[in-house]
Amino acid sequence: MIGNLDLATLQNIWWLIGSVVGSLFLFLTFVQGGQTLLFTTPQGDLEKNLIINSIGRKWELTFTTLVLFGGALFAAFPLFYATSFGGAYWVWMLILFTFIVQAVSFEYRSKPNNFLGAKTYEVFLLINGSLGILLIGAAVGTFFTGSRFVLNGYNSVAWQAPFHGLEAALNLFNVSLGLFLVFLARVLGALYLLNNIDHAPLNERCRAAAWVNFLIALPFLLVVLVSLLVMDGFAVDPATGVVSMESGKYLHNLLAMPMVDLLLLAGLVGVIYGVVSAKFLKKDCGIWFAGLGTVLVGLAIFALAGYNNTAFYPSLSDLQSSLSIRNASSSHYTLVAMTYVALAVPFVLAYIFYVWKLMDAKKITPKELDGEYAKDMY
Amino acid sequence: MEMEILSTVNWARAQFALTAMYHWIFVPLTLGLSFLVAFFESIYLKSGNEEWKKITKFWMTLFGINFAIGVATGIILEFEFGTNWSNYSWMVGDIFGAPLAVEGIFAFFLEATFFAVMFFGWERVSKKFHLFSTWMVAVGSNLSAMWILIANGWMQFPTGMAFNPDKARFEMQNIWDVFLSPVAISKFVHATSSSFIVAALFVLGISALFLLQKRHQKMAKRSMAVAAVFGLVASLFVAINGDESAYSVAQRQPMKLAAMEGLYQGSTGASLVAFGVLNPAKDVGDNQSEFLVSAKLPGLLSLLATRDFNGFVPGINDLVAGNPAQNIIGANERVANGKIAVAALAGYKEAKGRGDAAGAAAALATFNTYQGDLGYGYLKNGEAAVPPVAATFYSFHIMVVLGSLFILLFVLVLYHLKKGDIENCTNLNQASFYALFFGYVASQAGWVVAEVGRQPWAIQNLLPVGVAATPIGSGNVQATFFIFLILFTTLLIAEIGIMVKQIKIGPEA
C-alpha cells in the first residue's frame, strides 16, 4: 500500500516524521532545562541531588531523540544532511561537544575519584543546557534565515561562510529562537521536576521558576513570531522548482495552512496553561500541558519551514541551491522502505510511555536518596 | 589547492579514526557485559540467593560507568558523516541513512528506556520486570551494533543499489540485499562475539585480581565461571566466523586479504604467515623479499581464501598490474576505466545541460559500461589502491594470536574452577588479569584490519575517501581533532579513575 504513494506524498510524510521527532526532542529538553535550573533553583545539596536524580532518569531519551532526529534526516533528506552538517561545521561541533560532556556528567558527578570534581560535571550540564540548546535553536533558525552555500552539478556543497556556521549565532532571529528554546526548556524542566519530586520547598521553587522563566522567554518568542509574520521567505515554484524571494512568505504559509495556525495556537495555549496551572492553580501536572504544547508549537514551526512550497534550508549565496523537501529527499524506493520501518514508531512510543509511567508512578523523595539503593543514585 | 584538499581529507580520516577508536574502547564491554549482567541477574532470580544479586549489582555498576562514556563518544560518529564526509553523505545517503535511522528506532530507544529501569528500578518495578529490563538493555545494545555493522558491511561490500547519473548519487534498489548482506551478517557475528570475549576477559581479569588479593573470593569464582563459559562459547563463534570472514574478504576485498598476509606475488598453494617481520623497503612490483623473517604454513592461505589447498590467491602485484592468466584485472586498468567513467558522467551532465539528447545518451552508455570502476577514476594510479600493508598485516596477526591465546585461557580457567584450586593458581590469575588489557588490544586491532585494510575506499571500489570528505579546510578539522583528543582523553582518565575506585571498593558488603 505504501509503495503506491507518490514521491511528493512520501516527502510530505517524512517531513512530518522528522518534525514529530524534532518536536518531541523540544519537549524532552526539559532535561536540559533541569540542568540549568540546577544553578538557580535548589537550595542545598539535597535539593540538587533530587533534581539530578529526577532528570538523570530521562536524559538518555532526550539524547537518543536527538540522535534519531539526525538519523531520520539522513535517511529521508540526505542532501540536507550533507549540506548543513559540513557547512555549519562549528555550530554542529559545538552542539555535539556539549552533548558529549552531558552524557558522562550524570553518571560521574557523584562517583568517588572522578578526576574533575562534581562541580565540573555540573558545569558540563549547564553548558549543555544553555549553549547546546541555544545553538540548536540558532541552527533551526537558519531554516528561515538561510545560510551561505552553493551546490554544484553533482550536488556537492561549497560553503561561503568564513566562520563555518557560527554566523548563524549572529542573527537576531536565530538567537531569539535559541534563547526562547533555552528558557522554554527551563520552564519545562521546572514543571517536570515539580511533577516528579515530592519535596515541598523545592516544589515551591519550581512553581516560581516555571513562571519567571516563562516571562523571560516571552520577549524572545515575540521577536520570533513577529519576525515570522513580516519576514521575506524562500518560495519554491512547484512546477519548475525555481526558488525566489517572496515577501511575507511565512505569513502566506500561515494563511494557506489553517491547520498550522491551530497547532500554533493550541500549542501556545498549552504552554501557558501548564505554567499558570503550576504557579496559580497549584497543580503538579503542568508538564503535560506545556509538553504537549511544545510539541504542537514545534510541529507548527517545522511545517512553516518545509510545507507549502517553501525552501526549508535556503541558500543566501545562490537561491537555486536552496533545499526543499522536493529536491533534498531520498529516492522513492528508500522513502517507501523507511515508511514501513516507521510503522514501528508507535510501538516504540508505547513501550517508552509504559516504562515512563511505571518508573514515575511514585515521586522521588529525599528518603529514596538515602535508602537501600543510595549507592546507585546519581 | 590539491595539497589543501589532501590535508583536509587526511585530518578528517585521522579524526574519524580517533573518535571511532575511542568509541570502540567502550562498546565491546557494553555489548558483552550487558549480557553477563543479565546472566547474573537471571541466576539471582532463579536461585533467590542474595549473593547473586550482589554480584549482579557490582558488575552493573561497572557497566554503567562504561556505558555513559560509550554513549558520549558514540554520538559524534553519526554526525561526523555529515560534518566531515558530506560528499559521502550525499552520494550514498539514500542507502546508508536507512540503517542509521533504523538503529535509532529499534535499538537506541530500547537501551535508553530500559537503562533507567535497570539502575533505578529495583524498588519501582517487580523483580521480573527488572530482569526483563536488564535483558532489553543487552538486546538493545547488540541490536544497535547490528545496524551499524550492516551500514559498515555495506561500505565494504556495496550491494542492492544503482547509480543515478542525474542526481549523481547511488540509490537503493533492494533493502533486503543491504540488510541481509552476507558481509554484514559476518561482521555482526564477528564483532559481537569478539566483544563478548572482551567482556568475558574483563570479568575474568577483575575476578582474578580479587583472587590474587584474597578478597571477595566466592563472588570472584562465581563471576569467573559464568564469564569463562561465555568467553569460550563466544570464542568458538569467532573461530568459525573468522574462517568465513577470511573467505568472504578473499572474494570481495582481495586487496585487503593480500595486505593482511603481506602477500605481494600471488600463487597457488599460498602459505599462511604464522609469524613474520615485513621488509620495510619492499614496494609494489619490485623483486625484494616481502619478509625479513617469517614462518609460514604451506597451502593454508589458499585453503582459507578459496577452500582449496591449491587455489590461486592473488597478491598485491597481481591486483595492481593485473594477471591475465588468472583473469584478474589490475587496478592500473581499472583506474583507466574509471577515468573514462568520470569523464562520461561529466559529458552526460554537460550534454544534458545543453539539451543534446543524443550526446547525453551516448555518454550515458559509455558511463554504464565503465561505472563499476567509477571510484578508481578518482585515484592517481593503480598503486593508490593499495592499503597501508604494515598496519594491516601486524594488526591482523596480533588479533589472531591473541584470540587463540584467549581460548587457551578460558579452557584453563574452567579446568581449575572445576578442579577447585583456582585461588591457588597465581600464575593463571596473573595471566587472566593481564589478558583483560590484551582483549582491548585484539579488539582494536580487528578494526584496524577492517578499516585500514580497505583504504583508500570509503565505499569499496566506488568512492575513495579523497572524494568523500567535506571541503572545509584542514585548519578546522585539525582544531576539532585536537579538541576531541583532549576531551576524550580527559573523559577516559575520569572513567578509569572511577572504575578503579569501584573495583577497589568491591561488591557491597
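Reply: We can begin with the lining of the largest cavity, to which α14(A) gives the most, with four residues. The model is a predicted one, so local features need pLDDT of at least 70 and side-chain atom pairs count only at pLDDT 80 or more, while totals for chains, interfaces and linings use all residues, and side-chain values rest on heavy atoms without hydrogens or water. Residues are numbered from 1 along each chain as its sequence is written, with chains lettered from A and ligands numbered from 1 in the order in which they are written.

Me: What makes this space a cavity, and which residues line the largest cavity?

Reply: On a 1 Å grid over the protein atoms alone, a cavity is a set of points where a 1.4 Å probe fits but cannot get out, and a lining residue has an atom within 4 Å of a point. The residues that meet this rule are A:R57, A:K58, A:L61, A:I352, A:V355, A:W356, A:M359, B:A112, B:T113 and B:A116. Two or more of them come from each of α14 of chain A and α3 of chain B, where helices (H or I, at least four residues) and strands (E, at least two) are DSSP runs numbered from the N terminus. The largest cavity holds about 90 Å³, a volume being the space filled by probe spheres set on points that are joined across faces, edges and corners.

Me: How do you know how the lining of the largest cavity divides by class?

Reply: Ala, Val, Leu, Ile, Met, Phe, Trp, Tyr, Cys and Pro count as nonpolar, Asp, Glu, Lys and Arg as charged, and the others, Gly among them, as polar. By that rule the lining has seven nonpolar residues, one polar and two charged.

Me: What makes A:E368 and B:R124 a salt bridge?

Reply: The term requires a side-chain nitrogen of Lys or Arg within 4 Å of a carboxyl oxygen of Asp or Glu. The closest N and O atoms of A:E368 and B:R124 are 2.6 Å apart, so the pair qualifies under that rule.

Me: How do you know how many residues of chain A are in contact with chain B?

Reply: Contact means heavy atoms within 4.5 Å, and by that rule 77 residues of chain A are in contact with 85 residues of chain B. The two chains bury about 7400 Å² between them, 71% of it on carbon and sulfur atoms, buried area being the accessible area (1.4 Å probe) lost on being put together, summed over both. In chain A, the residues that lose the most area to chain B are A:F74, A:Y154 and A:Y373, together 9% of what that side buries.

Me: Which peptide bond is called cis?

Reply: The bond from B:Q455 to B:P456 is cis, with omega near 10 degrees, and B:P456 has its place in the loop between α14 and β7 of chain B.

How values were computed
1 Å grid on protein atoms, 1.4 Å probe; cavity = no way out; pocket = protein on both sides within 12 Å on 5 of 7 lines; lining within 4 Å.
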